[in-house]
Amino acid sequence: MPRGTHVLRSHRLGVAVRVYRPALVLGCVLGGLAFAATVASLALGDFTMTVTDVLSVFTGRSSPMLAHVVVDMRLPRALTAAGVGAALAISGMILQRLAHNPLVSPDIIGINAGATTAAVCAIVALTGSTRQVTGAALAGAVGTALLLYLLAYRRGVAGYRLVLVGIGLTAMLTSVTSYLITRTDLNTAARAMIWLTGSLANRSWDHVGIIWLGLAVLAPIALALTRQLRLLQLGDDTAAALGGRVQLARAALLFTAAATAAGATAVAGPVAFVALVAPQIVRRLLRERAVALLPAAACGALLVLGADLLARTAFGGTELPVGVLTGVLGAPYLLYLLTRMNRIGQA
């Protein structure tokens, strides 16, 4: 076990939990920063408030106008942003460790593209309600993950095959999405294009319920699978010798990552690069290569909350979709990773 790891046991419940202390400290720090970003998101905007004003809303001492701005307009958006960031980061952490490749994330290997194509189908062919878009995105992401697994499988799923097959699927699904938009009417196409940029505008409590209910179900499953993920990092033969059910565990991890990313995409559209960047930030902050899902989730929440706050307030009267800002900030990091891997390969 890595240094700083403690095992907490409950003999009454028959449960043992491994706690890596540096990851716990990092998760608390990042979680605190994400909470501060949430408070800032509630306070800042066209109608600026102080932190005291925000807190007064939750103590029942504010005016009805302040309560409306915070509870009905800004809080759903902030909670959705935090949930989307956490979900994308968990998905990215699982996929990167599963494939042994820092370039693997749901928006690069086609999972987000599958969710996007299915969601656009729901917008174009149906009424495009929240439930329809969410269900379609979930089905599209899981279906794409299954297809990705089948196409990339060859006595196991190697990281480079996962990336190459995923890039091909992304290109194909992106073309289908573009075709659907060109064949629909102008108003529907405008709705789809706003969604495709990755936006948190006009989020409601329905979106909050969807993303956090999904996390409540999928995050414990992901945590329960971390032991299998650590075993898979040792190689298939070693994992099998240590009691790991290699193929079943790999499939369960892939579909958990797909469903988590699908929930995020369903409520906010394809928010680019968060799933790629957040796990890498956590990995570089921790010396040991621990599977730190909770710190990654806190980092993802902080990134999306910060990006959304900048997108709302940093450009005067113009509000940018959060996906535009994460794309602009994340693309240079992707180029850095590509350059770094190229240098390592040449060495």
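Look for the kink of about 45° at arginine 74 in H3, shortly before proline 76; the bend at a residue is the angle between axes fitted to the seven residues ending there and the seven starting there. Helices here are DSSP runs (H or I, at least four residues), numbered from the N terminus. Keep in mind that this is a predicted model, where local features need pLDDT of at least 70, side-chain atom pairs count only at pLDDT 80 or more, and totals for chains, interfaces and linings use all residues. Residues are numbered from 1 along each chain as its sequence is written, and side-chain values use heavy atoms, leaving out hydrogens and water.

H3 is largely enclosed by the rest of the structure, because 28 of its 36 residues are buried (under 20% relative accessible area, with a 1.4 Å probe and protein chains only).

Now for the partner. H3 and H12 pack with their axes 7 Å apart, at an angle of about 70° (axes are lines fitted to C-alpha atoms over the stretch in contact, and angles run from 0 to 180 degrees between N-to-C directions). They are therefore roughly perpendicular, a label for angles of 65 to 115 degrees. Among the H3 residues that meet H12 are Gly85, Leu88 and Gln96.

Finally, find glutamine 280 in H12 (residues 274-285). Glutamine 280 is buried, at a relative accessible area of 1%. Beyond its neighbours within four places in sequence, glutamine 280 is in contact with Gln96, Pro102, Tyr333 and Leu337 (heavy atoms within 4.5 Å).

Conventions. Helices (H or I, at least four residues) and strands (E, at least two) are DSSP runs, numbered from the N terminus. Buried means under 20% relative accessible area, exposed over 50%, partly exposed in between (1.4 Å probe, protein chains only). Angles under 35 degrees count as roughly parallel, over 145 as roughly antiparallel, 65 to 115 as roughly perpendicular and the rest as oblique.
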